[in-house]
Amino acid sequence: MMKKKLVVIGNGMAPGRALETLFDKAPGAFDVTIFNAEPRVNYDRIMLSPVLSGEKTFEDIIIHDDAWYADHGVNLLKGEKVVHIDRKKKTVVSENGVTAPYDHLIIATGSTPIVIPVPGHDKQGVVTYRDLDDVDAMLEAAKTRKNAVVIGGGLLGLEAAAGLQMRGMNVTVLHLMPTLMERQLDPAAGYLLQRAIEARGIRVITKANTHEILGDDAVSGVALDDGTILPADIVVMAVGIRPGIAVAKACEIDVNRGILVDDTMRTSDPDISALGECVEHRGMCYGLVAPLYEMARTLAARLAGDETAAYQGSVTSTKLKVTGIDLFSAGDFAEGPDRDEIVLRDATQGVYKRLVLQDSKIIGVVLYGDTRDGAWFFQMMKDGTDIAELRETLIFGQGYAGGAPLDPTAAVAALPDDGEICGCNGICKGDILNAISAKGLTTVDGVRAVTKASSSCGSCTGLVEQLLSLALGDAYNPVAVQPMCACTDLGHDDVRRLIVAKALKTIPAVMQELEWKTSCGCAKCRPALNYYLVATWPGEYEDDYQSRFINERVHANIQKDGTYSVVPRMWGGVTTPAELRAIADVADKFNIPTVKVTGGQRIDLLGVHKEDLPAVWADLNAAGMVSGAAYAKGLRTVKTCVGTDWCRFGTQDSTGLGVKIEKMMWGSWTPHKVKMAVSGCPRNCAEATCKDFGVICVDSGFELHFGGAAGMHVKATDVLCTVASEDEALEYCAAMVQLYREQGRYLERIYKWADRVGHDTVRQQIVEDHERRNLLYRRFLYSQKFSQIDPWAERVAGKDWREFTPMSDLSRLEAAE
Amino acid sequence: MTEIDERWIDVGYLNDIPRRGARCVKVPGYTVALFRTDDDQVFALEDKCPHKGGPLSQGIVHDGCVTCPLHNFVISLRTGEAQGADSGQAVSIPVRMEGTLISIDIGVKAVRAA
């Protein structure tokens, strides 16, 4: 009997594995001919990155050498690209005219890298990252050139970047999304990865939109949409792959995104199979090696006559192959109410582990820093193992599986007396235990005050707590600090202190370094963290709108029916006929149902539809008005009376001073809302004695008040001091607000903060300590440089426009029948 | 009750919605809130809190839930159910993703929600 003729188009890893398995199961059953577009044997494409970085050579990554093909009687045609399949005659034809007949044909044309069609993408020096030729082009560039730009912060892009960097180039990675490898990693792991990549000297720019590739014939740079220009001698595009379906499509085999195959790996033509990155199976296209090998096993079994072999789709996992960065991800790591998660963060070791569980089974794994247990977790995930029994110690990995949970104080108890607890201050276990017994200490704060342990970076606080409970037993009550929310055990003050001490500048950084228990926080901690970061890093921190309450996100106040109210600023409560006309016109033009005078001496437009907000603001801006921040945890109003301008009792220009204060204060973010007032005489028509900060003008100057409220609690102010000049009044006012900004807990009004820290402490810091007051004043003014930008005008100009427009309006669709 | 056909409509792309955010789609008779979680899952609910009808699309999105901006009801994005001590159920609308293209089924739900 004649041997059947098997022809394979493509010589990548998938057909290589299929043939290997086939020769094993059915030796000599087929006459095999391979058409390989690349002029070489089958090599391990996923190991190209170590070749690029110099850690391996091409010879190291060859899977099948020439001898293997010879041994199995395979006719390997190198550099022969198939251009035509004649399905009637059952032959294939190559570019060079080589023709081969087949009984069965395997299409394994792999994939082609996507090239973004930006202007200049065809310049010399723009390469993709797919095969050995691409690696050679990059190595050639690295020999003589300096600057490389990699477009794409996914698996391949980062591996290319690391390789080029190890070859001595200056590398910048451009990534369109906010975090790296967002398809495989959650934002927390993405943040750690970015930090590790940056630590090796690679620049990472996220949210980067490539505008144009610059240069004459050869590449000279890359321009971004925001105007940034990066010098580049080579540009690597690693934004993704597209299944190679051209040959299949040309001969009318069914294709969608990839070549369509069934569970037996057959295409729409029963004499033609396909496998690898070029296929689409049950709606999925794969770009990772594990599924390709599973397909190869099925196809080989079928060809060897096993009628039961079927490919059922794959669960995939990803590992990044950059030396020194350990990262593993698999499955579905989205959150959901029917899902549970176990998160382990070890900030100092840079370890992040997250398991997503559903019905007591692992359905997603993200490991960063310590991936030793990746395979173990992955196996349990694929097998659907019930982990209820292991749950207590699951996250610690296989080594602990099933063991008893550790006594948390055991490790500390085992330390010798000279074991160091606080690395910052060099404090040992013995020092702390001695202090506890000698001074009768019972709290972490006490230990801090006496020994300095845990007073710097705070990362040893947990150890100090364990020592306290070791020394005092049940007498130690650690729940003295109210945690910020269920996402952390730390209180507000600890979080603020650590944000400064560890220079944490983003919400993911805070959550990682302070070992948040949830992956993205909650509606309580996110707005608080956003405020702390805004207040701590003026000009550096980029506001996270999604962590702001709706009113601060859209700069208007939400009402019970979902419409908004709009309150323009009226400085010191003073307005003009022109402003009033503009307000009246706006109310008419947008059919605003209610116009109301507020308690803070301004006008509220109620019932504005969200889509109308930018247009309403545009008209108000045009009349010279800006946002009144009536929605903000920030300065609301400075209420005034008319003072010496008109009033027969007035002692000072209270209106003028109120306007000056408001011009200085507007736009600032604070822990809670701040209301102020200036009264022109002790008759106090502006009601300054129930405000957060108030001024009562007297003949000799200005009496400054603080800590009043007239909300759920009614509280009269305390006198801070009396000053002689307006300039002093302004400086004291700003210093007071800045102190509150730095010490206040989120959602704590000035009076609550002052009660907590003590009114005398406030007076001491603002009134008596002149240097401190001046520093506070200057810090406030510095931060105002970045906050005194009218948010309405920004949005009229187009910022955040998506917030104000429906994603689509299909309300005119015919209703369903 | 008779079974009503599914009615899938394309409403936009993943990148139209900010992470940990939401956007609205107006369909005949009501508004749909589309949410995108921290890890790019997309969910759709009728934009109406079961408590007092607050616009859920305006809330803070966290841990697979949204907190209603009016009275802080926490609603599961997956099921529409109120979490914790609160009870109530927002109408959940099926979502299908094809690559980054988002479509929603307004067939059955359109009638139930109207």
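Helices are DSSP runs of H or I with at least four residues, strands are DSSP runs of E with at least two, and both are numbered from the N terminus. With that in hand, just after helix 20 of chain A you will find A:Gly667, which takes a positive phi of about 90°.

This is a predicted model, in which local features need pLDDT of at least 70, side-chain atom pairs count only at pLDDT 80 or more, and totals for chains, interfaces and linings use all residues. Residues are numbered from 1 along each chain as its sequence is written, while chains are lettered from A and ligands numbered from 1 in the order in which they are written.

**Chain A as a whole**

Chain A holds 25 helices and 41 strands. Contacts are counted when two C-beta atoms, placed from the backbone, lie within 7 Å. Among contacts in chain A between residues at least 6 apart in sequence, 62% join residues at least 24 apart.

**Helix 14, covered on one side**

Which residues of helix 14 (residues 492–501) of chain A are buried? They are A:His492, A:Val495, A:Arg496 and A:Ile499. These residues cover an arc of only 100° around the axis, so they sit on the same side of helix 14 of chain A; the arc is that of the directions from the helix axis to the C-beta atoms. An α-helix has 3.6 residues a turn, so residues three or four places apart point the same way. Their packing partners are helix 15 (507–513) and helix 16 (525–536) of chain A.

In strand 12 (residues 147–151) of chain A, 5 of 5 residues are buried. A:Asn147, A:Val149 and A:Ile151 point one way, A:Ala148 and A:Val150 the other. Strands count as paired if DSSP finds at least two bridges between them. Strand 12 of chain A runs parallel to strand 13 (residues 170–174) of chain A over 5 bridges, with A:Ile151 partnering A:Leu174. The chain gets from strand 12 to strand 13 of chain A through helix 5 (residues 155–166), in a right-handed β-α-β crossover (with the strands pointing away from the viewer, the path from the first strand over the helix to the second runs clockwise). Strand 18 (residues 234–237) of chain A is also parallel to strand 12 of chain A, over 4 bridges, and there A:Val149 has A:Val235 as its bridge partner.

**Positive phi values**

Most residues other than glycine have a negative phi, and most peptide bonds are trans. Two residues of chain A that are not glycine but have a positive phi are set out here.

| Residue | Phi | Other C-beta atoms within 10 Å |
|---|---|---|
| A:His555 | near 55° | 24, buried |
| A:Leu747 | near 70° | 15, partly exposed |

A:His555 is in the loop between helix 17 (550–554) and strand 30 (557–558) of chain A. A:Leu747 is in the loop between helix 21 and helix 22 (750–757) of chain A.

**Where chain B meets chain A**

How many residues of chain B are in contact with chain A? There are 44, touching 33 residues of chain A. Strand 2 of chain B gives the largest share of the chain B side, 6 residues. By class, that side has 18 nonpolar, 15 polar and 11 charged residues (nonpolar being Ala, Val, Leu, Ile, Met, Phe, Trp, Tyr, Cys and Pro, charged being Asp, Glu, Lys and Arg, and polar the others, Gly among them). Strand 2 of chain B also pairs in the parallel sense with strand 41 (residues 808–809) of chain A over 2 bridges, and A:Asp809 stands opposite B:Lys26.

Key
Buried ≥ 20, exposed ≤ 12 C-beta atoms within 10 Å, placed from the backbone.
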